Amino acid sequence: MSKASHRAINYSASPLLASKTPVWRSKFIVAALALAFAGLAGRAAYVQVIGNDFFQRQGEVRFARTLELPANRGRVLDRNGLILASSVVAQSIWAIPEDVDKADPKLKDLAKLLEMPLADLKKKLANEDKTFVWVKRQVDEPVAKNIAALNIKGIYQRREYKRQYPEGEAAAHVVGFTNVEDRGQEGVELAFEKQLAGKAGSRRVIKDRLGHVVEDVRDVIPPVDGPDLQLSIDSKVQYFAYQKLREAVQAQKAKAGSVVVIDTQTGEVLALANYPSYNPNKRLNLTGEQLRNRVLTDSFEPGSTMKPFIISRALEKGLVKPTTVIQTAPGRLTIAGSTISDSHPHGALTVNEVIQKSSNVGTVKIAMQMSPREMWETFAEAGFGQKPQVPFPGAVSGRLRPYKSWRPIEQATMSYGYGLSVSLFQLAEAYTIFARNGEFIPATMLKSETPATGVRVFGEQNAVAVRKMLQMVTGPGGTAPLAQTMGYSVGGKTGTAHKQEGKGYADKKYRGFFVGLAPVEAPRIVVAVMIDEPSNGQYFGGLVAAPVFSETVQQTLRILGVQPDMNVKPQIVTETVEESF
């Protein structure tokens, strides 16, 4: 080994090494390091122990997400189990704008698939500060597959549910529709929202910045699907009634029309339709006229359809009998300076004929033998002035003023349906009294297996007597021979009323309606039809509404399996007696 390796290091040779370091400096450095480590330890203790909850929350705010697991909405079924509304899987397109290449030529293909202008698509993707933006919700499955095939960076899909309505516009006002969030907006979808919606589940996860799930942080809570809802509606009856109503509205050049069919055994609504309607599967540019469920939301003066209730009460009180003669000549009657008239002078009429000919004068003479309170109670017991017991949005109660405020002329006009207002649904419901031998039954939109329990309004004998009068209305000499139906006996009452506008009545604007039952001896259904503002030269209910009643009754009774009770064709005459209104 060389001598150099054993040579001692000479510290004094270097002035830097030869200088003495103060003791306090080394102690200061050691203390500073110890303090730094103590600070780090304290900070770690604060983060891990003392402030742990705060930092956990901050982490969760940035990366933890609770994903809602949507419940599958319950189906809406008709009485026979046919689907009126159901949910199908639909993909929704979303994007992370900053990740999308705005110059990508495939964006043009994407815009075409989404049926939107390219400029609108780029506008949605313009805000790069956002990490999430909906591009289009609930696209059809073939479209979603084609979009996925484009493989555009920053464009993603999310699975959702979309409602489909197989019956389209025929059942639109019954079923209604949901919005893009799958919440009911109209009809049954809105009325039974809580029941159909079910209960959403949840999944707590940690996501990365791209929205990808990294890890589950707690157990998944599964969704509870909504139960199916079975309505009383019969799809076949509903479709046929809607078709005949639409044809009548178009033929009469009317503003609108409505029809409702009720099963008198159970109170079930077999059909409820309005025209104009809408397609719940395609709801762009809808108007209020299309959305209105007129059967329940529109009220009107019911005209002559009130007369059977007045006659029934008079029979109950013993004021008249069906054969009692009422002198209606000269076809006019003055009360408190106001004149009430018939469409034609009829002379002496029996009570049966007062209904058959729809005489205002005859009805008023009978009604004025009662007190206002007795008339009011009759109307109230028939359900007028009260909201129908159906959970439908917008159902009106109509208008029935307190009897204490009635003047004599008002009592007179109310006897033939002026001065009060009802909905078509209320009118159909009220006529169950005559179909059920004097019992009123509430209508229901849900399927019912048991016979309805009625509330007695009139005695059975008197209700049957009035039912025979209603049959005379549809026979020769009545106001509605066009209501006669092949193979089935029918009875009913026509109504024609001026339309109200402001504080008065519109010139040459009318509503024509007809409400009746069939078969007469053992009624199974009540059908009410209303045609709003017919403008093709006819406006009487017996001419514009009765034919829809006839066709609807015939088809409905066949579907229900009711045996015909007539072996002859209906005796329809060419001349129809005009009703008074």
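In which helix does Phe-37 lie? The model examined here is predicted, and in it Phe-37 belongs to helix H2, which covers residues 23-50. With a relative accessible area of 60%, Phe-37 is exposed, because exposed residues are those over 50%. Phe-37 also takes part in a nonpolar patch on the surface, together with Trp-24, Phe-28, Ile-29, Leu-33 and Leu-40. The accessible area of this patch amounts to about 740 Å².

The chain as a whole provides the setting for such details. There are 22 helices and 23 strands in the chain. Of its 581 residues, 48% count as buried. The chain exposes about 28,300 Å², and carbon and sulfur atoms supply 52% of that area. Contacts also show how the sequence is brought together: among those between residues at least 6 apart in sequence, 72% join residues at least 24 apart.

The interior may be considered next. In soluble globular proteins, nonpolar side chains tend to be buried together. In this model the largest nonpolar core has 116 residues. Those with the most contacts inside this core are Val-260, Val-269, Phe-309, Phe-379, Phe-384, Phe-425 and Ile-531. Strand E23, residues 525-532, contributes the largest share of the core, namely seven residues. A second core of 18 residues is separate, and includes Leu-114, Leu-125, Val-133 and Ile-147. Returning to Ile-531, one finds contacts beyond its neighbours within four places in sequence, among them Leu-245, Val-249, Tyr-510 and Val-544.

Charged residues form another theme. Side chains of opposite charge can pair when their charged atoms come close. The structure holds 27 salt bridges. In one of them, the side chains of Arg-246 and Glu-169 meet at 3.0 Å, N to O. This pair links distant parts of the chain, since Arg-246 is in helix H10 (residues 235-251) and Glu-169 is in the loop between strand E5 and helix H7, 77 residues apart. Arg-246 is partly exposed at 23% relative accessibility, and Glu-169 is partly exposed at 30%. Another salt bridge joins Asp-298 and Arg-294 at 3.6 Å, N to O. Here Asp-298 is buried, with a relative accessible area of 9%, and Arg-294 is buried as well, at 2%.

Salt bridges can also form a network, as they do among Arg-73, Arg-163, Glu-189 and Glu-193. Which residues does Thr-178 touch, not counting residues up to four places away in sequence? They include Arg-73, Arg-163 and Glu-189, along with Tyr-165, Gln-185 and Arg-283. Thr-178 is placed in strand E6, residues 177-178. Its relative accessible area is 3%, and therefore Thr-178 counts as buried, the limit being under 20%.

Is Thr-453 buried or exposed? Thr-453 counts as exposed because its relative accessibility is 68%. This residue lies in the loop between strands E19 (439-440) and E20 (455-456). Leaving aside residues up to four places away in sequence, Thr-453 touches Ile-441 and Pro-442. Thr-453 and Gly-267 are 186 residues apart in sequence, while their C-alpha atoms are 9.1 Å apart in space.

Technical notes. Residues are numbered from 1 along each chain as its sequence is written. This is a predicted model: local features need pLDDT of at least 70, side-chain atom pairs count only at pLDDT 80 or more; totals for chains, interfaces and linings use all residues. Side-chain values use heavy atoms; hydrogens and water are left out. Helices (H or I, at least four residues) and strands (E, at least two) are DSSP runs, numbered from the N terminus. Buried means under 20% relative accessible area, exposed over 50%, partly exposed in between (1.4 Å probe, protein chains only). Contact means heavy atoms within 4.5 Å. Patches are made of residues with over 30% relative accessible area and no salt bridge: like charges are joined within 9 Å, nonpolar side chains (Val, Leu, Ile, Met, Phe, Trp, Tyr) within 5 Å. Accessible areas come from the Shrake-Rupley method with a 1.4 Å probe; for residues, only the protein chains shown count as cover. A salt bridge is a side-chain nitrogen of Lys or Arg within 4 Å of a carboxyl oxygen of Asp or Glu. A nonpolar core is a set of buried Ala, Val, Leu, Ile, Met, Phe, Trp, Tyr and Cys residues joined through side-chain atoms within 4.5 Å.
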